[in-house]
Amino acid sequence: MVKKKACIFISGNGTNLKSIIINSRDPNFPIKISLVLTNNKNAGGIHYAKKFLIPFRIINFRKKKFERIALKEMVEKKIKLICLAGFMKILSKKFVRDFNGKIINIHPSLLPKYKGLNTFKRVLKNKERYTGCTVHVVDEKLDNGRVILKKRVEIYQGEEENILKKRVQNEEHKLYSMAIRKVYNPL
Ligand code: GRF
């Protein structure tokens, strides 16, 4: 199988990056992670790029500059897909349009509910019984594009935010790679 070359954008801990890297070692996984880009020189996820010998680049986020450098790096590496994994910046409409459906993202809620930040705080405040995570195609609006896969997680009574977050993130780690397989495996 010829794997599509992908770039992962991160800003933080990179636990989703780690799980995609591990899954991508399967010869039948449809993508190869050829590049990791981050706007944050202190992103914990850089550690996984180093550990698994994946080229990475830290680029200061001033939108036009970030996108220009990112694009150059990605053209050089023949990147066909971008996975946002805890990337905390908003890409320009032009950048998203130019990649036309080839950018996907993971969001810690059951979209279209709870777009934006602080999803766990808000679901708990609203006494929801369920939350979860969603992998979706990125379009020009925030947390808005076509849903690829969602996973529902029950919220336990009196559950604390950090415990809920951990449980949802455990599901994210499985869901992201399942979504990549769903979109890119020609089966
Ligand atoms: C995840 O919860 C993801 O849903 C959100 O940011 C978090 C990133 O975590 N977009 P990590 O950097 O992958 O550990």
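Where is Asn118 found? Asn118 sits in the loop between β5 and α5. Keep that loop in mind as you look at this predicted model, because we will come back to it after a walk around the whole protein.

**The overall picture**

The protein has six helices and seven strands. If you follow the chain along the sequence, these elements come in the pattern β-α-β-α-β-α-β-α-β-α-β-β-α.

What about the dimensions? Taken along the principal axes, the C-alpha atoms fill a box of roughly 50 × 35 × 30 Å. For 187 residues, a compact globule would have a radius of gyration near 16 Å, and the protein agrees with this because its own value is 16 Å. Of the 187 residues, 47% are buried.

Pro112 is joined to Leu111 by a cis peptide bond, with omega near 15 degrees.

Asn118 has a feature of its own: its phi is positive, near 55 degrees, although the residue is not a glycine. Is Asn118 buried or exposed? It counts as exposed, because its relative accessibility is 52% and the cut-off for exposed is over 50%.

**Another asparagine with a positive phi**

Asn100 also has a positive phi without being a glycine, here about 30 degrees. You will find Asn100 in the loop between α4 (93-99) and β5. Asn100 is exposed, because its relative accessible area is 60%. Here are the two asparagines side by side:

| Residue | Phi | Relative accessible area |
|---|---|---|
| Asn100 | about 30 degrees | 60% |
| Asn118 | near 55 degrees | 52% |

Which residues form a positive surface patch? They are Lys4, Lys5, Lys32, Lys78, Lys80 and Lys102. Let us pick out one of them, Lys80, which is found in the loop between α3 (63-76) and β4 (81-84). Lys80 counts as partly exposed, because its relative accessibility is 48%. That value falls in between the cut-offs, since buried means under 20% and exposed means over 50%.

Methods. Residues numbered from 1 in each chain as written. Predicted model: local features only at pLDDT ≥ 70, side-chain atom pairs only at ≥ 80, totals over all residues. Heavy atoms only, no water. Patch = residues over 30% accessible without salt bridge, like charges linked within 9 Å, V, L, I, M, F, W, Y side chains within 5 Å. Areas by Shrake-Rupley, 256 points an atom, 1.4 Å probe, with all protein chains shown as cover. Salt bridge = Lys/Arg side-chain N within 4 Å of Asp/Glu carboxyl O. Lys, Arg positive; Asp, Glu negative; His and termini not counted. Charge placed at Lys NZ, Arg CZ, Asp CG, Glu CD. Helix = DSSP H or I, 4+ residues; strand = E, 2+ residues; numbered from the N terminus. Buried < 20%, exposed > 50% of the residue type's maximum accessible area, 1.4 Å probe, protein only. Rg over C-alpha atoms; globule rule 2.2 N^0.38 Å.
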